[in-house]
Structures are given as C-alpha cells and as structure tokens.
Amino acid sequence: MRHNPDYLLDDDTRIRALIRENPWATLVSGLTASHLPVLLEDGPGLSVVSHLGRPDDELHELGEREALLIVAGPNGYISPGWYGTGPAVPTWNYLAVHLYGRPEVLGPEETYQVLVDTVDRFEHVLPSPYRMDESYARRIAPGVAGFRLRAERVEAKAKLSQDKPPEVAHNIIRALDADPRYANPALAREMRKVWTQEETR
C-alpha cells in the first residue's frame, strides 16, 4: 500500500466493519501467501483469529516472524465515461486494510474453538444452520493450525473518488448501481457512505 496520506482510512469502527463484512483475507509471510477466512475478535486493539491447514503453518513460520494480513473490501473499475466531464483517465476504486503483527499459534482447544466459531459465523444466517459434529471436529482439528494476529500496525485506505467534484462522484455511484458490465452495488454503497458524510460537513 502506498505510504502517503491520500485516502487514509483511520476510523476504527469502519475498519472493523470492513473486516467483519469481508472476512476472506490473505496472509503473507515472506514469499508465502495463503487465503483464509478470518474472525474479528471483540475487545480493545484490533485482533483476528483464523486457521491454516498443516503444513502451511510451517511455510509461514507462524509465531517466528512478522506477517501481513490483507483484507480487501469492495473494489472495481471506474470508467472515465461515467464522469460526464473530460478529458479524464480510468481508475480503480477500492477499500483495503493491512494488519501487521506476529501471529500467535493457538493450542488444540483454542484451535478447535476457532473451527467451531468459523462455521457458526457463516452458518447462523441460514434457515437451518449446520453445526459442527464435536467428535468429527475434534478428530480433524489436529490437521489445522489456529492462530491469532494482534495488529501491531494498521494501514487502511478507502479510495472512493474523493478527489472528484460531488456531481462526478454521484455519476459514478449511479453507474456502479446500474452499468450492464461493471455494476458493483457494494462499491456504490461504500461511496455513498463517504459522500453522505462529505455533504453533511
């Protein structure tokens, strides 16, 4: 992520919401990357738990060095044809959070609980939620490594056309709601949040 103040997202509530609503993340340690679901923990400080299939924990050297966890929010192509002004160039709007920290390897009981909590997190919205069978879950739990990452440093950005005049931003939002090829309602919603705040200042 570029180290400049442009599009900085420093609102803890919005960062937490972004992680909660986009729980598919990328863990990067050196040249090793893994994609995994994360659960945001309650409490002070920013902390997530997750799990890796073994032996990926060894490839990441979990607990031995700093890692980067990337959470990507809604993102998408922005056509200059939507601006209603010109000349212009296309861009890509996005939201992303980078969490840096040394992952803490969890013991068997906590790892088991992470598995149960992960299933519950995604099943609870279904009409007939599936619940983990305890004997089966405990049998497979040794094949995964649970971890907790307490963020020692957080970098977050929300690039949502803040550099454009309001009328252009609203044109983009309308296009993201309805364009036949590049419609992106989730990104349109995030832009609306920013522009509603801008216009009430």
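I took buried to mean under 20% relative accessible area, exposed over 50%, and partly exposed in between, with a 1.4 Å probe and protein chains only. The model is predicted, so I kept local features at pLDDT of at least 70 and side-chain atom pairs at pLDDT 80 or more, while totals for chains, interfaces and linings use all residues. Residues are numbered from 1 along each chain as its sequence is written, and side-chain values use heavy atoms, without hydrogens and water.

**Entry: rings**

I looked up Tyr77 and found it partly exposed, because its relative accessibility is 27%. I counted rings of Phe, Tyr and Trp (its six-membered ring) as paired if their centres lie within 6.5 Å; planes under 30 degrees apart are stacked, over 60 edge-to-face, the rest tilted. This rule gives two aromatic pairs. Tyr77 and Trp92 are edge-to-face because their planes stand at 65°, with the centres 6.2 Å apart. Tyr77 is in strand E5 (residues 67-78) and Trp92 in strand E6 (residues 91-101), 15 residues apart. Helices (H or I, at least four residues) and strands (E, at least two) are DSSP runs, numbered from the N terminus. Trp92 is partly exposed at 44%.

I then noted the pair of Tyr77 and Tyr182, which is tilted, at 5.1 Å centre to centre and 45° between the planes. Tyr182 lies in the loop between H5 and helix H6 (185-200), 105 residues from Tyr77. Tyr182 is partly exposed too, at 42% relative accessibility.

**Entry: charges over rings**

I required NZ of Lys or CZ of Arg within 6 Å of the ring centre and within 35 degrees of the ring normal. Arg138 lies over the face of Tyr112, 3.8 Å from the ring centre. Lys159 has its charged end over the ring of Tyr7, at 5.8 Å from the centre.

**Entry: sheet**

I traced an open sheet of four strands in the order E3-E4-E8-E7, with antiparallel pairing. Strands E3 (39-40) and E7 (104-105) are its edges, each pairing on one side only. Pairing takes at least two DSSP bridges between two strands. E4 (residues 47-53) and E8 (residues 144-150) share seven bridges, and Val49 stands opposite Arg148 in E8.

**Entry: core**

I defined a nonpolar core as buried Ala, Val, Leu, Ile, Met, Phe, Trp, Tyr and Cys residues joined through side-chain atoms within 4.5 Å. The largest one has 38 residues, and Ile19, Leu27 and Leu69 have the most contacts inside it. Helix H5 (residues 166-178) supplies the largest share, six residues.
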